[in-house]
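Trainee: I have a new structure open and would like to learn how to read it. Could you walk me through a few features?

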Amino acid sequence: MAPAQPSGAPAPHDGRIPASSARGCESRDFSLYVHIPFCSVRCGYCDFNTYATEDFGDGIGLGTYADDAIAEILFAARTLEASGVARRPLHTVFFGGGTPTKLPARDLVRILQAAADVFGIRTGAEITTEANPDSVTRDDLFALKEGGFTRVSFGMQSVVPEVLQVLDRTHTPRMFPKLLRGHKKLACRSRLI
């Protein structure tokens with residue numbers, strides 16, 4: 001049996017945002033979450049919508065995801081406009097998952113740039129991507145910084161090898177300190193980390 005849906009007003013048939021939800025939103029912060037569902041391994045403890053594949057079939061997958069995410073940003077802008085919600089700059093942008101850095105850094109930057117082009121981004125906004133210690137390189141971090149990212153959130157659930165193995169994590173305890181040592185100058189210069 002399917003779980004009961006939460007009570008609330010049904011979405012309008014015209015695809016617009018319900019008036020009760022749109023009312024007053026100009027006075028609230030406006031942020032963007034971009035979900036990247038790809039992972040190298042599907043961890044047993046994960047409750048998020050993630051997949052350990054790069055191809056969903058019919059030309060849909062990791063290689064097309066940036067274009068699909070950009071299309072969704074454009075769709076969201078049209079929906080907000082049709083609902084009478086004025087465009088305003090983004091307060092924060094967060095790329096989560098999954099492992100967002102399974103996408104090439106240039107694709108993450110393209111998605112961020114599309115959001116900036118469509119909505120704008122407030123000065124000083126925090127722009128974050130999640131990453132695993134084994135899913136980024138020094139060049140990736142520089143590309144993310146140059147592309148506008150201000151923060152990388154590295155996921156490391158444990159430093160105990162046996163625990164990492166039980167959790168299906170793909171990194172080792174040695175990777176994270178090595179990554180930080182390797183990126184110390186980047187972190188100090190850019191405040192990226």
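**A helix, a sheet and a proline**

Mentor: Gladly! The buried residues of α3 pack against β1 (32–36), α2 (65–82), β4 (90–97), β5 (121–131) and α4 (138–146), where contact means heavy atoms within 4.5 Å. Helices (H or I, at least four residues) and strands (E, at least two) are DSSP runs, numbered from the N terminus. This is a predicted model, in which local features need pLDDT of at least 70, side-chain atom pairs count only at pLDDT 80 or more, and totals for chains, interfaces and linings use all residues. Residues are numbered from 1 along each chain as its sequence is written, and side-chain values use heavy atoms, with hydrogens and water left out.

Trainee: Which residues of α3 are buried?

Mentor: Buried means under 20% relative accessible area, exposed over 50%, and partly exposed in between (1.4 Å probe, protein chains only). In α3, the buried residues include L108, I111, L112, A115 and F119. Just after α3, G120 has a positive phi of about 85 degrees.

Trainee: What is the order of the strands in the open sheet?

Mentor: Strands of a sheet pair through backbone hydrogen bonds, either parallel or antiparallel. Here the four strands follow the order β1-β4-β5-β6, with parallel pairing; two strands pair if DSSP finds at least two bridges between them. At the edges, β1 and β6 (151–154) each pair on one side only. Four bridges join β5 to β6, and T128 has R151 in β6 as its bridge partner.

Trainee: Where is P89 found?

Mentor: P89 lies in the loop between α2 and β4. P89 is partly exposed, at 38% relative accessible area, and its contacts include F30, F119 and G120.

Methods
Lists of a residue's contacts leave out its neighbours within four places in sequence.
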